[in-house]
Amino acid sequence: MRVQHDMREPFTAAGFETADNMGNGTEPHKSPTLLDDTNKAIIRELQKNGRKPYGAIGKVVGLSEAAVRGRVQRLVETGIIQIVAVTDPVQLGYRRQAMIGVNTSGALDALADQLRATDGIDYIVAAAGRFDMLLEVFTADDDDLLDLVMRIRRIPGVDHTEVFTYLRLIEQRYDYGVR
């Protein structure tokens, strides 16, 4: 997808590379340190309240409602931000949450593709250290957790799993800001 940039409202500071302007076939460099101060201020406002009206954000950052809307749209299109509803899994009926450490003898990308297609996994990362991958999972109960762990163990290339069951979520934050 090609992102159209409004010349009146620069999206990023000079030097920000996107798939559109690199042209050399390499992975684009999307360093958050290259976002301009206005985009950073918009992100901070959305981290405080993802439903804050664009007009109210505009008053804080010194832009019109339309300019904020355009910047937010470009931030979403380029994958820098997502605007989503964050839910409480327990109130939705997911009584068991866990982190699963996975060791593999196969290729991480191939395993990641299979894990993406596995219901119940909401977070997948490649890791350094004791485990090759970490998975965060939500299940209705212990029986569903056991079923999910067994499905993961049957995936070719999974050599070992270790389950870290969450007893209580103490805090989960999304307001870490921008650099």
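Biologist: How many bridges join strand 2 to strand 3, and what makes them count as a pair?

Modeller: This is a predicted model, by the way. In it, 5 bridges join strand 2 (residues 121-126) to strand 3 (residues 133-139), and the two run antiparallel. Pairing takes at least two bridges, so they qualify. One spot to look at is alanine 126, which stands opposite methionine 133 in strand 3.

Biologist: And what lies between strand 2 and strand 3?

Modeller: The two strands form a hairpin with 6 residues between them. In the turn, glycine 129 has a positive phi of about 110°.

Biologist: Where do these strands sit in the sheet, and what is the strand order?

Modeller: It's an open sheet of 4 strands in the order 2-3-1-4, with antiparallel pairing. Strand 2 and strand 4 (158-165) are at the edges with a single partner strand each, so one side of each has no neighbour in the sheet. From one strand to the next, the twist averages 20°.

Biologist: How do you know that strand 1 and strand 4 are paired?

Modeller: Set the count against the rule: they share 7 bridges, in the antiparallel sense, and at least two are needed. Within that pairing, valine 102 stands opposite threonine 161 in strand 4. Helix 6 (residues 142-153) packs on the sheet, touching strand 1, strand 2, strand 3 and strand 4. The direction of helix 6 makes about 160° with that of strand 4.

Biologist: What makes helix 3 and helix 4 roughly perpendicular?

Modeller: Helix 3 and helix 4 (residues 65-77) pack at an angle of about 100°, their axes 8 Å apart. The perpendicular range is 65 to 115 degrees, and helix 3 and helix 4 are therefore roughly perpendicular to each other. Helix 3 brings Tyr54, Gly55, Ile57, Gly58 and Val61 to the contact, and helix 4 brings Glu65, Val68, Arg69 and Val72. These divide into 5 nonpolar, 2 polar and 2 charged.

Biologist: How do you classify helix 2 against helix 4?

Modeller: Their angle is about 85°, with the axes 11 Å apart. That makes helix 2 roughly perpendicular to helix 4. The contact involves Thr38, Asn39, Ile42, Ile43 and Leu46 of helix 2, along with Val68, Arg71, Val72 and Leu75 of helix 4.

Biologist: Last one: how many aromatic pairs does the structure hold, and why is the pair of tyrosine 94 and phenylalanine 138 called edge-to-face?

Modeller: There are 2 aromatic pairs. For tyrosine 94 and phenylalanine 138, the ring centres are 6.5 Å apart and the planes are at 65°. Planes over 60 degrees apart count as edge-to-face, so this pair is edge-to-face. Tyrosine 94 lies in the loop between helix 4 and strand 1 (96-104), and phenylalanine 138 in strand 3, so the pair ties together parts 44 residues apart in sequence.

Methods. Residues are numbered from 1 along each chain as its sequence is written. This is a predicted model: local features need pLDDT of at least 70, side-chain atom pairs count only at pLDDT 80 or more; totals for chains, interfaces and linings use all residues. Side-chain values use heavy atoms; hydrogens and water are left out. Axes are lines fitted to C-alpha atoms, for helices over the stretch in contact, and angles run from 0 to 180 degrees between N-to-C directions. Angles under 35 degrees count as roughly parallel, over 145 as roughly antiparallel, 65 to 115 as roughly perpendicular and the rest as oblique. Contact means heavy atoms within 4.5 Å. Ala, Val, Leu, Ile, Met, Phe, Trp, Tyr, Cys and Pro count as nonpolar, Asp, Glu, Lys and Arg as charged, and the others, Gly among them, as polar. Rings of Phe, Tyr and Trp (its six-membered ring) pair if their centres lie within 6.5 Å; planes under 30 degrees apart count as stacked, over 60 as edge-to-face and the rest as tilted.
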